[in-house]
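Subject: Structure for your review

Dear colleague,

Please find below the structure that I am handing over to you. My findings follow it.

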Amino acid sequence: CLEKFPEVDTVVNFASSRSVYESVLEIMEYPQIRSIAIIAEGVPEKFSRNLCKLSKEKGVTIIGPATVGGVKPGCFRIGNAGGRLDNVVSSKL
């Protein structure tokens, strides 16, 4: 699927805690992916540590697990960080 969209370099992963580990491993197989936001809560610590190690090896930034996202003012917003879009716009983020 990502072959159709070569410009995509960020993934917001909404998989459950039961399947997020395997899905992130699969996502990291695509060399174009540079950032992955993991929304799931309850990811076992050993899985989180392994994903952290693998992401460093592959040069992929992981936000999470158990994140609502992030904001880089003037650049991007990922996930639900900052609340509703009208709030982000009025805050000039």
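In what follows, two residues are said to be in contact when heavy atoms of theirs lie within 4.5 Å. Please note that this is a predicted model.

I begin with Asn13, which belongs to strand β1, residues 10-13. Its relative accessibility is 5%, and Asn13 is therefore classed as buried, the limit for that class being under 20%. With neighbours within four places in sequence left aside, the contacts of Asn13 are Val20, Ser23, Val24, Ile27, Ile36, Ala37, Ile38, Ile39 and Ala40. A polar atom of the Asn13 side chain also lies 2.8 Å from the backbone nitrogen of Ala15.

Apart from neighbours within four places in sequence, Leu51 is in contact with Tyr21, Val24, Leu25, Met28, Ile38 and Ile62.

Turning to α2 as a whole, this helix has 14 residues and spans 20 Å from its first C-alpha to its last, close to the 20 Å expected at 1.5 Å a residue. Leu51, Leu54 and Ser55 are buried in α2. Why do they fall on the same side of α2? They do so because the arc they cover around the axis is only 105°. Among the elements that cover the buried residues of α2 are α1, β2 and β3 (61-63). On the face of α2 turned away from its buried side are the exposed residues Glu45, Lys46, Arg49, Lys56 and Glu57.

Cys52 is also part of helix α2. Its relative accessibility is 37%, so Cys52 counts as partly exposed. The C-alpha atoms of Cys52 and Ile62 are 7.3 Å apart in space, while the two residues are ten apart in sequence. Just after α2, Gly59 adopts a positive phi of about 70°.

With kind regards

Note on methods:
Residues numbered from 1 in each chain as written. Predicted model: local features only at pLDDT ≥ 70, side-chain atom pairs only at ≥ 80, totals over all residues. Heavy atoms only, no water. Helix = DSSP H or I, 4+ residues; strand = E, 2+ residues; numbered from the N terminus. Buried < 20%, exposed > 50% of the residue type's maximum accessible area, 1.4 Å probe, protein only. Polar contact = N/O pair within 3.5 Å; in protein donor to acceptor, adjacent residues only side chain to side chain. Expected span 1.5 Å × (residues − 1). Arc of directions from axis to C-beta.
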